[in-house]
Amino acid sequence: MNLSKIDRTKKLTTTGMLCALAYAAAVFGRIPLVLFLKYDPKDVIIVIGGLIFGPLTSLAISVMVSLAQMVTVSGTGILGCVMNIISSCCFSCTAASFYKRKRTLSGAMVGLLWGCGCQAAAMLLWNYLISPIYMGIPREAVAELLLPAFLPFNLIKGGLNAAITMLLYKPFVTALRRAGLLEPERSPEKLRPNLGTVLAALFLIVSCVLLILSIRHVI
């Protein structure tokens, strides 16, 4: 077996593991945020896959995890599956595409921020178009929820995912290397969060948590 086949096998193994982790995060990590909308951290795993291997890997993981959700735990069928794929891809593929062009800490941060914005904007449109069908309510009712519910939900979701990604990426890649699933040259060396980045990520997480508690009238 030559080196390229070994590398492909490692990539497939790692991608499969990322799919399993993302599915577990989607099923067991759901937290209510705004009204009936729930947050899960699967996009953190999906975007890490994209930062390592590129945006096509993020796309593949998004599709596989969303299909698995559809046939196991989701009650929204194919429409919910499509919405999950669009949401995850807007965040993770955008971030991975930016980072692929500029493999630096600033490139990753800009990509994650653009991913947050792309996800929030896209989901406003797609919730307006698709949510009335699988929610069984008039489109006018969905339109009234776009700004007070769907927009803050997706901004909080994107902010949490971006911040958690910045904190977990380096330890995650290090663990993959130690397990022999990732070759040194396959992993970006320049994405090393400094103290300022860590503090900014923690500040963003705390801000999102406080905003969630405020929305839910806990504080």
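Reply: Cys-89 counts as buried, because its relative accessibility is 14% and buried means under 20%. Keep in mind that this is a predicted model. A disulfide needs two cysteine sulfur atoms within 2.5 Å. By that rule, the count of disulfides is zero. Take Cys-89 again: the nearest cysteine sulfur belongs to Cys-93 and lies 4.1 Å away, and Cys-89 is in no disulfide. Cys-118 is in no disulfide either; its nearest cysteine sulfur, that of Cys-90, is 4.1 Å away. Cys-118 is partly exposed, with a relative accessible area of 29%.

Now the charged pairs. Side chains of opposite charge can pair when their charged atoms come close. A search of the whole structure finds one salt bridge. Asp-40 and Lys-42 form a salt bridge through their side chains, at 3.5 Å from N to O. Both Asp-40 and Lys-42 are buried.

Next, the surface. Leu-125, Trp-126, Tyr-128 and Leu-129 make a nonpolar patch there. Together they have about 340 Å² of accessible area. Leu-125 belongs to helix α5, which covers residues 105-135. Its relative accessible area is 47%, so Leu-125 is partly exposed.

Last, a backbone detail. Most residues other than glycine have a negative phi. His-217 is not a glycine, yet its phi is positive, about 60°. His-217 is found in the segment after α7 (195-215). With a relative accessible area of 71%, His-217 is exposed.

Key: Residues numbered from 1 in each chain as written. Predicted model: local features only at pLDDT ≥ 70, side-chain atom pairs only at ≥ 80, totals over all residues. Heavy atoms only, no water. Patch = residues over 30% accessible without salt bridge, like charges linked within 9 Å, V, L, I, M, F, W, Y side chains within 5 Å. Areas by Shrake-Rupley, 256 points an atom, 1.4 Å probe, with all protein chains shown as cover. Salt bridge = Lys/Arg side-chain N within 4 Å of Asp/Glu carboxyl O. Helix = DSSP H or I, 4+ residues; strand = E, 2+ residues; numbered from the N terminus. Buried < 20%, exposed > 50% of the residue type's maximum accessible area, 1.4 Å probe, protein only.
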